[in-house]
Amino acid sequence: MSSWLITCKTRKKIVLVGDTLTGKSCLIWAFLNEEYKERVMITPTVVHDYLTEVNVDGKIVALQIWDTGGESDNDKLRFFAYPGADMFFICYAVEIPTSLPSIQEKWLPEISEHCPNVPFFVVANKVDKRSHENYDIRGFNWKRGHIKHGVEGKLMADKVNAAGYFECSAKTGEGVKELFQKALKMILKVDDEDKHFVRREYFCVQQ
Ligand SMILES: Nc1nc2c(ncn2[C@@H]2O[C@H](COP(=O)(O)OP(=O)(O)OP(=O)(O)O)[C@@H](O)[C@H]2O)c(=O)[nH]1
Ligand SMILES: [Mg+2]
């Protein structure tokens, strides 16, 4: 790790949560290495952090990405990853129907308890699976009778007041870079707005 990364002032942290096997580790790997790796971890993830640098509109940001394991065995350990988070990605996978309601039932209550007021995106992973022969053009899976069209994920994102809804595939790379770019842009924008807010407050005090 370069010393520049350690001392860089613009340092941001994104934490990924979501049910097990929803593709969190593969998504991070795809972002960091621009390639797909079927099995990122030999053992299931508990908590793992990465550090990289990202150019956001010409500004270099040191980005910490924290991967967490979705297995319920990790419920008592996962929150170690949360302090200092600037944003969460709550992930579901388009081929795991139960992972979508989990956003509201499990992940939102968990991150809200530990990090209230931290913005989050809802992220639909493995969207390449939609083009599988089992699906028709609207994303209807005839075998399981479950609709996995993006509209469901978007509705969930609206329902839980997510700051955004994104669709990705670690396998094809679709949407991966855009997701992290959009997240960092939003984080940096919030920073700027906070600064203005503080300045406004300061002027009030002076008057
Ligand atoms: N088709 C497809 N399969 C994917 C994609 N991403 C992940 N997978 C598959 O899904 C499996 C699980 O992905 P992981 O990234 O390990 O899932 P995870 O959310 O990190 O799981 P936990 O660490 O247990 O919480 C992988 O081993 C791949 O086989 C994708 O974009 N497309
Ligand atoms: Mg994992």
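Modeller: Let's take helix H3, whose buried residues are Ile103, Trp107, Leu108 and Ile111 (buried means 20 or more other C-beta atoms within 10 Å of the residue's own, with C-beta atoms placed from the backbone). Keep in mind that this is a predicted model, where local features need pLDDT of at least 70, side-chain atom pairs count only at pLDDT 80 or more, and totals for chains, interfaces and linings use all residues. Residues are numbered from 1 along each chain as its sequence is written, while chains are lettered from A and ligands numbered from 1 in the order in which they are written.

H3 covers residues 101–114; helices (H or I, at least four residues) and strands (E, at least two) are DSSP runs, numbered from the N terminus. From its first C-alpha to its last, H3 reaches 20 Å, close to the 20 Å expected for its 14 residues (1.5 Å times one less than the number of residues). There's a kink of about 40 degrees at Trp107, shortly before Pro109 (the angle between axes fitted to the seven residues ending there and the seven starting there).

What sits over those buried residues? The cover includes strands S1, S4 (87–93) and S5 (120–125), plus helix H4 (150–159), with contact meaning C-beta atoms within 7 Å.

Follow S1 (residues 11–18) onward and you reach S3, which runs parallel to S1 and is joined to it by 6 bridges (strands pair if DSSP finds at least two). Arg11 stands opposite Ala62 of S3. S3 (residues 59–68) is mostly covered too, with 7 of its 10 residues buried.

Notes. A residue is buried if 20 or more other C-beta atoms lie within 10 Å of its own, exposed if 12 or fewer, and partly exposed in between; C-beta atoms are placed from the backbone. Two residues are in contact if their C-beta atoms, placed from the backbone, lie within 7 Å.
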